[in-house]
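I opened a new notebook page for this structure. The entries below record what I looked up, in order.

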Amino acid sequence: MRSYNDTLPLQPPVRLPEEATLAAAVRAAPLAEELKPEGSDAEVLASWADHCRERLATDEGLLLELIRMFLSREPHPGQAPAELTALGLVRQAEPYTLSWLGLWAARLVIGETTGQDVPVMGSLADAGAAALLHGLRSYPEAERGEELAGWLKNRDTEAAAAEIASVLGTVSPLSRAVGVELLSSDFGEPGRLALSGLLEEPKLGAVIAARTGREDRQPAPGEIAWVLVDMAAALLEFGGETGEVIESIAMGMDAEEQAGTIAILAFGDHPWTGQVLRVFIDHHPDERVAAAARKALRRLHGLADVRA
């Protein structure tokens, strides 16, 4: 089954029932009489997943329709494809939306075709801090608060804030942005103290200061490029429009000023620098800026060779 979209924006979480309910839905699906799923709930679901893969692999239109319905979360306009209904993936009566089984199957397919693990509400309660931040990247505000409350249920707030703070330097740019936002707005004084304790950390402290408006902690010259890339990379990781990524660095500067700023990015040693520069190379409307990005990318590769 080939990839549907390698740049699929991060998807919000889905709500799924417990395994027994999903297995019961399989046994009640129109095709169940023909395919006769047997065994435990886990075995029934594994068998049904294989059936779904086989059917979708032979009909790309069916695959795309399932993914379209998942992404839109809207009813099918008119009668849904009979095969999706027979597999129990779409409701058999109006509105023709994905069933719980359909959400489950579509999440599985998207994970296998794009590599994106769409989160399930309530699944992060026992996760470590890094996994929590990674999972929360695509959560809308209300769902994020609900998931965080579940994670905090059996944790001491101060210890939880310290745990999140301890991973901010090693997680992805968007996960880091989520963590800073949580600590500054959802953890009260313990969260703010945890962030303050990181302000003197090279690079990380500069990012925290930029995201929380701490003007008393200005970036050192060697940190400016790292901060710019980290904030642009968070947008890129989320699947934001290229224009948003460009503007996060351009910040109203003219083309000549942008080209000068782009030139310093190669020296920041940020792991996402190459990806951010490629956005400028491929999508910036001014050739002077795109040329500066190409030059910076060559310099980045040269510096990488020297470090190696």
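**Ground rules.** I am working with a predicted model, in which local features need pLDDT of at least 70 and side-chain atom pairs count only at pLDDT 80 or more, while totals for chains, interfaces and linings use all residues. Residues are numbered from 1 along each chain as its sequence is written, and side-chain values use heavy atoms, with hydrogens and water left out.

**Cores.** I looked up nonpolar cores, meaning sets of buried Ala, Val, Leu, Ile, Met, Phe, Trp, Tyr and Cys residues joined through side-chain atoms within 4.5 Å. Buried means under 20% relative accessible area, exposed means over 50%, and partly exposed is in between (1.4 Å probe, protein chains only). The largest core has 38 residues, and Trp48, Leu66, Phe70, Leu89, Leu98 and Leu101 have the most contacts inside it. Two or more residues each come from helix 1, helix 2, helix 3, helix 4 (60-72), helix 5 (82-86) and helix 6 (100-114). Helices here are DSSP runs (H or I, at least four residues), numbered from the N terminus. Helix 6 gives the most to this core, with seven residues.

I then asked what leucine 101 is in contact with, leaving aside neighbours within four places in sequence. Contact means heavy atoms within 4.5 Å. I found Leu22, Ala25, Val26, Leu45, Trp48, Leu87, Gly88 and Leu89. Another core, of 30 residues, lies apart from the largest one; Ala129, Tyr139, Leu168 and Leu204 are among its members.

**Salt bridges.** A salt bridge is a side-chain nitrogen of Lys or Arg within 4 Å of a carboxyl oxygen of Asp or Glu. My search of the whole structure gave 18 of them.

I noted glutamate 146 with arginine 15, where the closest N and O atoms are 2.8 Å apart. This pair links distant parts of the chain, 131 residues apart: glutamate 146 is in helix 8 (residues 141-152) and arginine 15 is in the segment before helix 1. Glutamate 146 counts as partly exposed because its relative accessible area is 40%. Arginine 15 is also partly exposed, at 46%.

Next I looked at arginine 55 and glutamate 34, which meet at 3.9 Å, N to O. Arginine 55 is in helix 3 (residues 41-57) and glutamate 34 in helix 2 (residues 32-35), 21 residues apart. Arginine 55 is partly exposed at 24%, whereas glutamate 34 is exposed at 57%.

A further salt bridge joins glutamate 163 and arginine 155 (3.9 Å, N to O). Glutamate 163 is partly exposed at 30%, and arginine 155 is partly exposed at 27%. Through shared partners, salt bridges join Glu34, Arg55 and Glu83 into one network.

**Rings.** I looked for charges over rings, which require NZ of Lys or CZ of Arg within 6 Å of the ring centre and within 35 degrees of the ring normal. The charged end of arginine 73 sits over the ring of phenylalanine 70, 4.3 Å from its centre.

**Single residues.** Alanine 25 is in helix 1 (residues 19-28). Is alanine 25 buried or partly exposed? Alanine 25 counts as partly exposed because its relative accessibility is 29%.

Glutamine 258 is in helix 15 (residues 255-265). Glutamine 258 counts as buried, at 9% relative accessibility. Not counting residues up to four places away in sequence, glutamine 258 touches Ala250, Met253, His284 and Val289.
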